[in-house]
Amino acid sequence: MLNSPKSKRVKSSLKVTIIYVLVGSLWVILSDRLINMLKFSEAISVNSSKGLFYVIITAFILYFCLKRLKKQLIESEERYGILVEHSPEPIVVHSDGIIVFINPAGARVLGANCPEELIGQSVINFVHPDFVDISFVRMKQITVDRQPTEPMDQKFLRIDQHIIDVEVREVPIVFLGKPAVQLLCRDITERKRAQCLLEEREQSYKSLVEHNPDAIFTLDLKGNVQTVNPATEKITGYGEEEFQNRVFIPFLIEDDHEKAWCQFEKAVMGEANDTEITLTNKAGKNVELNLKMVPIILNDKIDGVYGIVKDITERKRTEELLLKSEKLSIVGQLAAGVAHEIRNPLTSLRGFVQLLQSKVDNYQYYFQIMLSELDRINDIVSEFMVIAKPQAVNYEMKDIRKIVDDVMSLLDTQAILNNVQIHTEIAAGIPAIKCEENQLKQVFINILKNAIEAMPDGGNIVIALETDDNKIRIRFIDEGCGISEERIVLLGEPFYTTKEKGTGLGLMVCHKIIEAHRGHLEIKSVIDKGTTVEILLPISAS
């Protein structure tokens, strides 16, 4: 216990009173004698008995005052002792680094069964090695300054060498008449563990957001962007500072403004939702997105909205390709079922028309029309056959320049009849490539015929060949009527055509041939200015 026994305190009060009586009585008696010796008795008259009476009366008053003060002090110390003994917080008193007192809570924290096990041990024995130096510095500081130290987080070692986290503060005191240090400490192991767990979760969440391939951003209740992750910048092209405190709606295309704001309002009301929208990125291109909006709930109140965006542009493109593939499959099934059945009666019809043509003289014009239409039907069936049953392709090294020259020779007459001039711009050093010559001729013929037909009043066609990054770039540039952007997207689909009598199969077959050559075909056009068909073929294609 920090306090002394009550009986000792009472004896101390009585001792002080007796000393006061003795000293006071001696002073009265000796002062009278001194006055008599100095012959002052005639000038000063002192009654010793009154003096002694005064001393005794004041002694009684002093005794009762001291006794009362001591009683209050004893009660205060007892209360303090009870508080210390039963405090849930560990309290340690050490003098010159040796533990002279520790309460039961302190003993439990350090792993002892009772405080007596720790009395007399060095307090440094329980300090983790990483904190020994700083503990010595703090002990020296409090010894010199006699001022309480600031709270500090440390690690202690229990008797069983288990490490615990504690918050400590040293306060200078006097214990049993000697300078000492009272160590106030608090076990914060669980708090530290919870804090570490929280930090790990925050880091995990941050990692999820920062490294997520989907764009994640937060909005306040007014729709202003607060934070964005790197994926948001990658998908949109805008930096974080360009988003900061701006409403997210203007970044979308105008047609999606109302839909996106409606979804945001639903999220603000607590309803998670998702929709598909289109955003215009910084480069000016439209990006197809799937937008999810989730309310941010803090303390049972909606504090904002999470926006989670996935770029579905490629998925949309894949879906379109699958749709085209499905159409192609249907065309193939149709072709496989009817191509041969059509061709057989077609041959018979053409034979009888030719026979009638040789027998009858008055209807030659009609016979020519019939033969022309039969040949057109035969061409359509041939295109069906290419789709339905791909032929074995034999790739050989061929000069692409010779293939272009052969195609120009074939179509030169048709071009002249339509008042169209074909020019070539062939760069030097065009290498041979591995390809199927007849298939490429079929592609070039189809493209050139389309270009000639697009210029009914005549014009110029330029065929340009050049190498570009291990590829051969072939461009067919005409001055025709052009094609709108909406229709360009649909070119190459079965049965979609811009011609009055077209089938839409020719360009689809061209796409298929170029893809088989591991190349790429792209069409660019401007209304009333012309169309450019660009083909890229790898030099190392196999």
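Me: Which residue of strand 17 stands opposite K524?

Reply: K524 stands opposite T532 in strand 17. The model is a predicted one, in which local features need pLDDT of at least 70 and side-chain atom pairs count only at pLDDT 80 or more, while totals for chains, interfaces and linings use all residues. Residues are numbered from 1 along each chain as its sequence is written, and side-chain values use heavy atoms, with hydrogens and water left out.

Me: What makes strand 16 and strand 17 a pair?

Reply: Two strands pair if DSSP finds at least two bridges between them, the strands being DSSP runs of E with at least two residues and the helices runs of H or I with at least four, numbered from the N terminus. Strand 16 (residues 520–526) and strand 17 (residues 530–538) have 7 bridges in the antiparallel sense, and therefore they count as paired. The two form a hairpin with 3 residues between them, and D528 in the turn has a positive phi of about 65°. Strand 16 also has a covered face, with L521, I523 and S525, and an uncovered one, with H520, E522, K524 and V526; in a regular strand the side chains alternate between the two faces of the sheet.

Me: Why is N224 called buried?

Reply: Buried means under 20% relative accessible area, exposed means over 50%, and partly exposed lies in between (1.4 Å probe, protein chains only). N224 has 17% relative accessibility, so it counts as buried. N224 lies in the loop between strand 6 and strand 7. With contact taken as heavy atoms within 4.5 Å, and neighbours within four places in sequence left aside, N224 touches T218, L219, N245, R246 and V247. Buried residues make up 37% of the 542 residues in the protein.

Me: What makes strand 2 and strand 3 edge strands?

Reply: The open sheet of 5 strands has the order 2-1-5-4-3, with antiparallel pairing. Strand 2 (98–102) and strand 3 (152–157) each pair on one side only, and these are the edge strands. The twist averages 40° from one strand to the next, where axes are lines fitted to C-alpha atoms, for helices over the stretch in contact, and angles run from 0 to 180 degrees between N-to-C directions. Helix 4 (residues 132–145) packs on this sheet and touches strand 1, strand 3, strand 4 and strand 5, its direction making about 20° with that of strand 4. Helix 5 (residues 189–210) also packs on the sheet, at about 140° to the direction of strand 4.

Me: What makes a space in this protein a cavity, and how many are counted?

Reply: On a 1 Å grid over the protein atoms alone, a cavity is a set of points where a 1.4 Å probe fits but cannot get out, and its lining residues have an atom within 4 Å of a point. Of its 15 lining residues, F217, T236, F243, L279 and V309 are the closest to its centre.

Me: Which classes of residue line the largest cavity?

Reply: Ala, Val, Leu, Ile, Met, Phe, Trp, Tyr, Cys and Pro count as nonpolar, Asp, Glu, Lys and Arg as charged, and the others, Gly among them, as polar. The lining of the largest cavity divides into 13 nonpolar, 2 polar and no charged residues, whereas that of the second largest cavity has 6 nonpolar, 3 polar and 1 charged.

Notes: On a 1 Å grid over the protein atoms alone, a cavity is a set of points where a 1.4 Å probe fits but cannot get out, and a pocket is an open set with protein on both sides within 12 Å along at least five of seven lines; lining residues have an atom within 4 Å of a point.
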